[in-house]
Amino acid sequence: MAAADRSDMMREVAGLVRSLDRRAHVDVDGALDDLIANLLGHMTCAQHAGITLTTSSGGVQTLASTGKYPALLDDIQRRHREGPCLAAAWKHHVVRLDDVTREERWPSYCREVAETTPIRSVLAFELFTGQGSTGALNFYAEVPGVFDDEAVEVGLTLATHAALAWHIVRRDEQFRSALATRDVIGQAKGMLMERFDVDAVQAFELLKRLSQNTNTPLAEVAQQVVGRQGAGP
């Protein structure tokens, strides 16, 4: 890729990330689908792309994909507990699989991929890490040996921007979750104030005491109070 083309690519992807950051509300699924389609457009040797979320307990989830094959390959990785995307997410920053019919790593994964899909090569990048979970950005090609050193360099740039976009999406999601929790706690406080003729501080202390006594998160206790009130006496 020429320097001018790479510069154009970086500007376009960076513009997509900035547009996410400016949105008042981010639709998580839609944003990730738009992102992965945009990234695939810049990895011209690949036909498919996806984002894989994995957990330390062995869970594997496809967060976004451009078609059916990324999710299918993630399911193969989940069942065999091996594969390039899992290796990229947990062990290595970048993993390149040149030919599933010749690869000696992950034998069970490669055998099923070769037998059931047209995918022949994979390029995977660690995307993000969290508490007990991590993710990978993956590109898939139906021809072996197409991911050369230049593709790796382009992919590293795309993965950096994808990681920024992921953090923006998660930040928005967590913010909305925090607002919803605050609203539920406020509703529960109001119900307790009315029912027991106490002030806001006393109502909140009552919620905290219920949370501690039952070893239940405060937001869950509040939700139970609101739900019970809504169900009637």
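## Order of elements

In total the protein has 8 helices and 5 strands. Helices (H or I, at least four residues) and strands (E, at least two) are DSSP runs, numbered from the N terminus.

Residues are numbered from 1 along each chain as its sequence is written, and side-chain values use heavy atoms, with hydrogens and water left out. Because the model is predicted, local features need pLDDT of at least 70 and side-chain atom pairs count only at pLDDT 80 or more, while totals for chains, interfaces and linings use all residues.

## Confidence

The average pLDDT (the predictor's confidence in each residue, from 0 to 100) is 81 for the protein, and 78% of the residues score at least 70. Helix α5 (residues 107-116) has the highest confidence, at 97, and helix α1 (residues 3-22) the lowest, at a mean of 52. Where pLDDT is low, the predicted coordinates should not be read in detail.

## The sheet

The 5 strands make an open, antiparallel sheet with the order β2-β1-β5-β4-β3. Its edge strands, each pairing on one side only, are β2 (60-65) and β3 (94-97). From one strand to the next, the twist averages 25°. Two strands pair if DSSP finds at least two bridges between them.

Strands β4 (residues 121-130) and β5 (residues 133-141) run antiparallel and are joined by 9 bridges. Phe128 stands opposite Gly135 in β5. Helix α3 (residues 68-80) packs on the sheet and touches β1 (48-55), β2 and β5; contact means heavy atoms within 4.5 Å. The direction of α3 makes about 170° with that of β2. Axes are lines fitted to C-alpha atoms, for helices over the stretch in contact, and angles run from 0 to 180 degrees between N-to-C directions.

## Contacts and surface

Of the contacts in the protein with a separation of 6 or more, 60% are between residues 24 or more positions apart. The protein exposes about 12400 Å², and carbon and sulfur atoms supply 50% of this area. Accessible areas come from the Shrake-Rupley method with a 1.4 Å probe; for residues, only the protein chains shown count as cover.

Buried residues are 43% of the 233 residues in the protein. Buried means under 20% relative accessible area, exposed over 50%, and partly exposed in between (1.4 Å probe, protein chains only).

## Cysteines

Cys110 counts as buried because its relative accessibility is 1%. Cys45 has 23% relative accessibility and therefore counts as partly exposed. The structure contains 0 disulfides, a disulfide being a pair of cysteine sulfur atoms within 2.5 Å.
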